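Please look through the sequence and the model below before reading on.

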Amino acid sequence: MKLRILNGGHAAIAYPSALLGHHFVHDAMADPQIEAWLRALESREIVPTLTPIDGVDYADYLELIVSRFANPEIGDTIPRLCLDGSNRQPKFILPTLADALRHDFPIDGLAQEVAFWCRYCERTDEAGNEIAPNDDNSDALREFALASRKDPLAFLSNRTVFGPLADNPRFQEAFTRKLKLVQEQGVAAAIKAYLG
């Protein structure tokens, strides 16, 4: 529950927030599009992969997480949430994606999250500001991300991160579609498309 809703939620907001130039998590959560994106991804795609637990209401836990993320007293930062993505994505996002694929659940939002990470790995935000490297594999990630400008599947070819998920046709299609949207129209357009 914590790994998917809380840690997965951190990953979900980290990269679009960084690309939009947010520094503090509470400032990102004050951006209506970021909060709406988080709520939609969690409720549509992350929570449905969880096995019910007696006495636990996942919707209540999500509200607690949203409130925590929005709390300025915590002072958490977007750069911290973005740290070490090549280690965190396989722990907090990709297992959820694998479960969703296995059960034929929706994956557009999870593919969108990976597309945001890919765009972030280019190491510039949407205003053209440089993003400092914050991953032991940042140089390799940047090469994969830049190569994805010509071939979106180049990013998924990083087998150390994606393993067999890289070969899943449904994920490939969703990721390609979502990455092109982020690259061509930006974060806001990608979130708007997901929210419908």
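Ile53 sits in the loop that joins α3 (32-46) to α4 (58-70). The model is a predicted one, and the values given here are computed from it. In this model Ile53 has a relative accessible area of 43%. Because buried means under 20% and exposed means over 50%, Ile53 counts as partly exposed. Ile53 and Met1 are separated by 52 residues in sequence, yet their C-alpha atoms are 9.5 Å apart in space.

**Helix α1**

Helix α1 covers residues 2-19.

Most residues other than glycine have a negative phi. Asp84 is not a glycine, but its phi is positive, at about 60°. Asp104, also a residue other than glycine, has a positive phi near 60°. Asp84 lies in the loop between α5 (78-82) and α6 (85-92), and Asp104 lies in the loop between α7 (94-102) and α8. The table gives their accessibility.

| Residue | Relative accessible area | Class |
|---|---|---|
| Asp84 | 23% | partly exposed |
| Asp104 | 60% | exposed |

Asp104 counts as exposed because its value of 60% is over the cut-off of 50%. Asp84, at 23%, is partly exposed.

**Asp135**

A further aspartate, Asp135, is found in the loop between α8 (108-120) and α9 (138-147). Is Asp135 buried or exposed? Asp135 is buried, and it has no salt bridge. Which side chain of opposite charge is nearest to Asp135? That side chain belongs to Arg88, and it is 8.3 Å away. A salt bridge needs the charged atoms to be within 4 Å.

The side chain of Asp135 does reach a backbone atom: the nitrogen of Asn137, at 2.7 Å. Apart from neighbours within four places in sequence, Asp135 is in contact with Asp84, Gly85, Ser86 and Leu141.

Definitions and conventions: Residues are numbered from 1 along each chain as its sequence is written. This is a predicted model: local features need pLDDT of at least 70, side-chain atom pairs count only at pLDDT 80 or more; totals for chains, interfaces and linings use all residues. Side-chain values use heavy atoms; hydrogens and water are left out. Helices (H or I, at least four residues) and strands (E, at least two) are DSSP runs, numbered from the N terminus. Buried means under 20% relative accessible area, exposed over 50%, partly exposed in between (1.4 Å probe, protein chains only). Lys and Arg count as positive and Asp and Glu as negative; His and the chain ends are not counted. A polar contact is a pair of N or O atoms within 3.5 Å; within protein, one must be able to donate a hydrogen and the other to accept it, and residues adjacent in sequence count only if both atoms are side-chain atoms. Contact means heavy atoms within 4.5 Å. The expected span of a helix is 1.5 Å times one less than its number of residues.
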